[in-house]
Amino acid sequence: MKSVNKHSQPKRLLLKSFTFLLFFAMSFSVQAQDAVDTERQAEGRKLFKSLCSSCHKLDKKFVGPALGNVLERREADWLISWIKDNNALRASGDADAIAIFEEYNGSPMSSFPMLSDKNIEDILYYTTVGDPKKAAAAASGAQATVAVEKEASPWLIYILIAVIVVGVLIVASLLKIISELKGAPKTPGIASNLKDIWIGFKKNAFLHVLLVIFLALTSAYVGFGLLSGVGVDKGYMPIQEIAFSHKIHSGDNKIDCQYCHSSAKHSKTSGIPSANVCMNCHKNISEVSEDTKMDYNGAVYGKNELDKEIAKLYDAAGWDPENLEYTGETKPIKWVRVHNLPDFAYFNHSQHVTVGGQKCQTCHGPVETMDEVYQFSPLTMGWCIDCHKETKVDVNGNEYYTKIHEELSKKYGVETVTVAQLGGKECGKCHY
Amino acid sequence: MNNFTKITFALVAFLSIVSCGDKRSRSVQYMPDMYVSVPYEPNGETGINGEPSNLKPVEGSVARGQVPYDYPNTNDGYDAALKNLKSPLEKNDENLAKGKVMYGIYCATCHGTKGDGNGVLAQREKFNGVPNYKDRAITEGSTYHVIMYGRNLMGSHSSQLTIAERWQIVHYVDKLRNDLLK
């Protein structure tokens, strides 16, 4: 055995040096394939992202033309003078400069006199070589391994459980057979056991009474629970037309609730944002980043699916992502309402958000962690009243009512009055 | 035996019918006509003649409390606003404080809390090329104009803000820009 495993000394050396050579050659060839000056690339990318990318993309037309491989189409010197001061270039009567200005409907590009020639050359270098690739490849590799791990773990547990259960059953039946072989009397089956219990039960009147009381209490408990659930939609999570994730928007990207639900501060309703509010960002963001994910209706939506969801928004807003213009053909997005107070209860968002200074999360729960929104609170009257009883009213800076507040706190013997003490428990406040 | 099985069956059937905990549908409503509003509701699907009730107002109509904005959405309009448009609001601490709150909600995600163009969306590279206020020759008039109509990548924010709120934000942007220029 030993002699087979061990190679002779020179053979081992040869093998080692060969693998080393192979490895070295491979790494060298990788380097040779994309010999990118990463420093210049990074510098150019930084400048491009901060200065140019609000109007230009590498791969497609945006506010301005696409800039990928722009050096194949224009001279570097022309580009440098255009970027530094395109107004001056146009004024000098340069035909190309005037043509491109006309092509983009005379929308002027900002001048960048602060950029040095070296800066501009770095930017142009970046437009030629593009984004660094290795990082992206590594990231997708890491993602793949994560996915594999996630898939593997539940199966392993199921198999383990099945093996244990089968093992226990085999051992139990073996033990039983052994004891029967040793001469123990055959154990009676479950069926005959149950029959004995049933006969005993039929004869015992006390047990009958107990059973009736038990059934009456259980049905009262269950019935009361069911009836109090009528009209209460806590946990209601309807399927929406567009797989919109509040987690991505307000959790990961920290967009304020009121950015989209802007009427909450002035109006009874918090408002569903119209598509133009979505387009404030999505005019620019037509696809999600590689690692964006959301749970939607039991499935995990990745980049492929989510890009289609953004396309649905474009369809509704009438935005043509190819030509970057509105077609004028819009159609409403039919969002399904999650929170619905009965019509007989009056609720006003501005009263709670602006006047009361309540956080949205107080009633709506941690929406910033929800991929699909569900109703967090029961929205029952008891729930409203509980909060009104506990919440202290901030009376600072409200001089008009100072006297009333003082009298009320004297009457109730408290420092600051609660909403309920201010009348937040009166029927007519919400039901009229 | 018969009684027992019957009761069990009845209980199981009763429970399975009424206790459907389906999160995709609403629970049973008692007297649904008390839940659903008879008047049209905002964002409702049905409205006048089956049309949604939250459509745009008739062209040319001015909502209560609104003042028409006369500068057109063109380069010339921008230049005119840059030169001529002045804030009708008094520059005081109250307006500045309100402007700060509004700025935090509507602007800071991209422009950054300091106005240096380094908001969360810029940091996460969702939105690139957000300018630093100090790099742009902006006035209160041009800031207001851009909030009204948007410019380049920025969209119009007029639908989310009232006139007073826009000017409060303008005051705060002015302050941020002066701080950055120091």
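# Notebook: a predicted two-chain model

**Entry 1. B:Glu125.** I started at B:Glu125, which counts as exposed because 10 other C-beta atoms lie within 10 Å. My cut-offs: a residue is buried with 20 or more other C-beta atoms within 10 Å of its own, exposed with 12 or fewer, and partly exposed in between, the C-beta atoms being placed from the backbone. B:Glu125 lies in the loop between H5 and helix H6 (140-149) of chain B. Its phi is near 60°, a positive value in a residue other than glycine. Helices here are DSSP runs of H or I with at least four residues, strands are runs of E with at least two, and both are numbered from the N terminus.

**Ground rules.** The model is predicted, so I note that local features need pLDDT of at least 70 and side-chain atom pairs count only at pLDDT 80 or more, while totals for chains, interfaces and linings use all residues. Residues are numbered from 1 along each chain as its sequence is written, and chains are lettered from A and ligands numbered from 1 in the order in which they are written.

**Entry 2. Chain B overall.** I counted seven helices and zero strands in chain B. Along the sequence the pattern reads α-α-α-α-α-α-α. Chain B has 182 residues, and buried residues make up 25% of them. I then looked at contacts (two residues whose C-beta atoms, placed from the backbone, lie within 7 Å). Of the contacts in chain B with a separation of 6 or more, 59% come from residues 24 or more positions apart.

**Entry 3. Where chain B touches chain A.** How many residues does each chain give to the contact? Chain B gives 35 residues and chain A gives 46 residues. On the side of chain B that touches chain A, helix H3 (93-106) and helix H5 (120-123) of chain B each supply at least two residues. I sorted that side of chain B by residue type: 16 nonpolar, 13 polar and six charged. For this I took Ala, Val, Leu, Ile, Met, Phe, Trp, Tyr, Cys and Pro as nonpolar, Asp, Glu, Lys and Arg as charged, and the others, Gly among them, as polar.

**Entry 4. Chain A overall.** Chain A has 20 helices and four strands. Of its 432 residues, 14% count as buried. Among contacts in chain A between residues at least 6 apart in sequence, 64% join residues at least 24 apart.

**Entry 5. Helix H3 of chain A.** I checked the length of H3(A), residues 38-52. Its 15 residues should span 21 Å at 1.5 Å a residue, and the end C-alpha atoms are 20 Å apart, which agrees. The expected span is 1.5 Å times one less than the number of residues. Which residues of H3(A) are buried? They are A:Gly44, A:Arg45, A:Phe48, A:Leu51 and A:Cys52. These cover an arc of only 160° around the axis, so they sit on the same side of H3(A). The arc is that of the directions from the helix axis to the C-beta atoms. On the face turned away from the buried side I found the exposed residues A:Thr38 and A:Glu39. The buried residues of H3(A) pack against helix H7 (117-129) of chain A.

**Entry 6. Helix H7 of chain A.** I went on to H7(A). Its 13 residues should span 18 Å at 1.5 Å a residue, and its end C-alpha atoms are 18 Å apart, which agrees. Its buried residues are A:Ile120, A:Asp122, A:Ile123, A:Leu124, A:Tyr126 and A:Thr127. They pack against H3 and H4 of chain A. A:Gly130 follows H7(A), with a positive phi near 80°.

**Entry 7. H4 against H7 in chain A.** Helix H4 (residues 76-84) of chain A packs on H7(A) at an angle of about 115°, with the axes 10 Å apart. Axes are lines fitted to C-alpha atoms, for helices over the stretch in contact, and angles run from 0 to 180 degrees between N-to-C directions. From H4(A), A:Ala76, A:Leu79, A:Ile80 and A:Ile83 meet A:Asp117, A:Ile120 and A:Leu124 of H7(A). I sorted the residues of this contact into six nonpolar, no polar and one charged.

**Entry 8. Two loop residues of chain A.** A:Asn297 lies in the loop between strand E1 (294-296) and strand E2 (299-301) of chain A. Its phi is positive, about 50°, although it is not a glycine. A:Asn297 counts as exposed because it has 12 C-beta neighbours inside 10 Å.

A:Thr369 lies in the loop between helix H16 (360-364) and helix H17 (381-390) of chain A. With 11 C-beta neighbours inside 10 Å, A:Thr369 also counts as exposed. Not counting residues up to four places away in sequence, A:Thr369 touches A:Lys247 and A:Gly251. I also looked up A:Lys203: its C-alpha atom and that of A:Thr369 are separated by 59 Å, and the two residues are 166 residues apart along the chain.
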